[in-house]
There are 2 protein chains.
Amino acid sequence: MTFVLDEGLAVLERTPATLRAMLGGLPSAWIAATEGGETWSAFDVVGHLVHGEHDDWVVRARLILAQGTERTFAPYDRLAQFRESEGKTLDMLLDEFATSRAANLAVVRGWALTEEQLALEGVHPAFGAVTLRQLLATWVAHDFAHLLQVSRTMARRYRDDVGPWREYLSVMRTETRE
Amino acid sequence: MTFVLDEGLAVLERTPATLRAMLGGLPSAWIAATEGGETWSAFDVVGHLVHGEHDDWVVRARLILAQGTERTFAPYDRLAQFRESEGKTLDMLLDEFATSRAANLAVVRGWALTEEQLALEGVHPAFGAVTLRQLLATWVAHDFAHLLQVSRTMARRYRDDVGPWREYLSVMRTETRE
């Protein structure tokens, strides 16, 4: 196992600025581009990350730490951003993400978690017992997974434009859905 | 075709700040992590991007624009960063990337490229005729491909730490090498 709390928090605190540097002020053709069908745009991803700050990670961490009789997480709504982002601009979502992420990290740092607390368990509605350590590691990996998704989605806008270089760019191979 | 020069340049000018926001000051365990074997760390990727600013994109663009008798690109050294990054810190590479990228974008903007120029051809040593438009689109897609790679590499550090969430995170499936 490689998870170290401070290293994980160092990633979590950078993601809002990373997304702002990457997406802030970009032409809307980039922000709105999807990979087709039901796939998400960069705008959708930022909305999803905002929703996670409100309804997912810290809510579940609190439930674990409380160790009450009810330890099963509420199911997470992966499509909430399609309602909640309506009428908002990307800049509004980036601001909201930065503010709520910072507030959540202040909460987590305030807990001064011990190894014993990191080993406490909650119950995931789909796959059962998970530890607080696994939840926090997943929060970090989930940020990277969505940075990856945004990078892939925007790269693929140029699938045809890159011409013969397509063969050299594995990101353009649509059979992979990493 | 979706490539529009100004939209492409808008991405290229953001990548140095994106990588700085993402990687600057991160614990070295993140910066040095690879996916095993010969795979690249975030440090290696930034070195590769620096090398590209010096030896790849704008060099090849100049060769195309010159339309001289020699239009075949010099082969690109994909491993140059292992020599050139030696003894440097990540911060030094991030600075070098920002400076050389900004200089290159100033050159490209200075060209005030026309549609006719974007259609001019050079010769790639491996796959033959390519247009300036394809070269510039690839420069953009290549940035995204490496942001994707860095995100994937760092996510996979937590492959075991995320526990049962691994099944939900496609980035953790090592059979894909996107």
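How many salt bridges does the rule find across the interface of chain B and chain A? Let's work up to that and a few related exercises.

This is a predicted model, in which local features need pLDDT of at least 70, side-chain atom pairs count only at pLDDT 80 or more, and totals for chains, interfaces and linings use all residues. Residues are numbered from 1 along each chain as its sequence is written, chains are lettered from A and ligands numbered from 1 in the order in which they are written, and side-chain values use heavy atoms, with hydrogens and water left out.

**Exercise 1. Describe the interface of chain B and chain A.**

Step 1. Begin with contacts, meaning heavy atoms within 4.5 Å. On chain B, 59 residues are in contact with 59 residues of chain A.

Step 2. Turn to buried area, the accessible area (1.4 Å probe) that two parts lose on being put together, summed over both. Here it is about 4,900 Å², and carbon and sulfur atoms give 68% of that.

Step 3. Look for salt bridges, where a side-chain nitrogen of Lys or Arg lies within 4 Å of a carboxyl oxygen of Asp or Glu. The rule finds 2 across this interface. A:Glu7 and B:Arg157 meet in a salt bridge through their side chains, at 3.2 Å from N to O.

Step 4. See which elements take part; helices (H or I, at least four residues) and strands (E, at least two) are DSSP runs, numbered from the N terminus. At least two residues each of the side of chain B that touches chain A come from helix 1 (5-12), helix 2 (15-23), helix 3 (28-32), strand 2 (128-131) and helix 9 (132-156) of chain B. Helix 9 of chain B gives the largest share, 17 residues.

**Exercise 2. Find how chain B and chain A are related.**

Step 1. Superpose the copies by least squares on the C-alpha atoms of residues with pLDDT of at least 70 in both. A rotation of 180° with 0.0 Å of shift along its axis brings chain B onto chain A, with an RMSD of 0.0 Å. That is the relation of a two-fold axis.

Step 2. Locate the axis. B:Leu148 is the residue of chain B that comes closest to the rotation axis, with its C-alpha at 2.2 Å.

Step 3. Compare the two sides. The copies meet through the same surface, because 100% of the interface residues of chain B are also interface residues in chain A.

**Exercise 3. Decide how covered helix 1 of chain A is.**

Step 1. Apply the cut-offs: buried is under 20% relative accessible area, exposed over 50%, partly exposed in between (1.4 Å probe, protein chains only). In helix 1 (residues 5-12) of chain A, 7 of the 8 residues are buried, including A:Glu7.

Step 2. Ask what covers them. The buried residues pack against helix 2 (15-23), helix 7 (90-111) and helix 9 (132-156) of chain A, together with helix 3 of chain B.

**Exercise 4. Examine a salt bridge within chain B.**

Step 1. B:Glu96 pairs with B:Lys88 in a salt bridge, their closest N and O atoms being 3.3 Å apart.

Step 2. B:Glu96 is partly exposed at 25% relative accessibility, and B:Lys88 is partly exposed at 27%.
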